[in-house]
Amino acid sequence: MKNILITFIEKKNKCAHKNALLYSDSGYCPDCGQYLVKNYYLVRCSRCDIKREAKIVWGEVFPRDKYCSNCGAKEFYIEKIDKVNFVDANYAVYLKEIANEMQELHPEVQIWVETGDKCAKQLKNPIQNTI
Ligand SMILES: [Zn+2]
Ligand SMILES: [Zn+2]
């Protein structure tokens with residue numbers, strides 16, 4: 001069972017959904033078949049709450065600069081936004097995330113922790129696709 005889990009996670013991490021959601025906010029990835037949605041995020045300073053420019057590294061959201069240009073703090077937090085308005089457009093970044101896992105910040109970790117029926121269900125479809 002452990003080997004199957006590892007295979008699944010490695011395979012999932014390999015798809016960057018590069019060809020997905022080119023013209024829409026949700027849909028299926030042509031490379032891996034997962035249903036994806038675009039989720040938009042803002043990075044804010046933990047101390048002064050100002051919006052900071054964001055970047056995406058390995059599928060996670062980080063501030064572009066190390067320190068806040070307004071107060072010099074290093075700490076930041078990530079805010080999920082439903083819609084990008086004109087003011088936020090310069091700051092917001094989006095991730096293409098699997099729709100049924102959009103509530104989880106780290107879906108991979110969740111799979112490792114879960115046991116029993118729910119875990120088996122999550123794994124069933126991807127494995128069938130690989131055979
Ligand atoms: Zn994909
Ligand atoms: Zn600040």
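Author: Start with arginine 44, which stands opposite lysine 51 in β3. This is a predicted model: local features need pLDDT of at least 70, side-chain atom pairs count only at pLDDT 80 or more, and totals for chains, interfaces and linings use all residues. Residues are numbered from 1 along each chain as its sequence is written, while chains are lettered from A and ligands numbered from 1 in the order in which they are written.
Reader: How do β2 and β3 pair, and over how many bridges?
Author: In the antiparallel sense, over two bridges. Strands are DSSP runs of E, at least two residues, numbered from the N terminus. Two strands pair if DSSP finds at least two bridges between them.
Reader: What about the turn in that hairpin?
Author: Five residues sit between β2 and β3. Aspartate 49 in the turn has a positive phi of about 70°.
Reader: Other side now. How many bridges join β1 to β2?
Author: Three, linking residues 26–28 to residues 35–45, and the strands run antiparallel. Glycine 27 has leucine 36 of β2 as its bridge partner.
Reader: And which residue has a positive phi in the hairpin of β1 and β2?
Author: Glycine 33, near 80°. That hairpin has six residues between its strands.
Reader: What stands opposite leucine 36 in β7?
Author: Isoleucine 98. Six bridges join β2 to β7, residues 93–98, and these strands run antiparallel.
Reader: Now β6. How many bridges join β2 to β6?
Author: Six, with β6 covering residues 76–81 and running antiparallel to β2. Tyrosine 41 stands opposite lysine 80 there.
Reader: Where do side chains point in a regular strand?
Author: They alternate between the two faces of the sheet.

Technical notes:
Helices (H or I, at least four residues) and strands (E, at least two) are DSSP runs, numbered from the N terminus.
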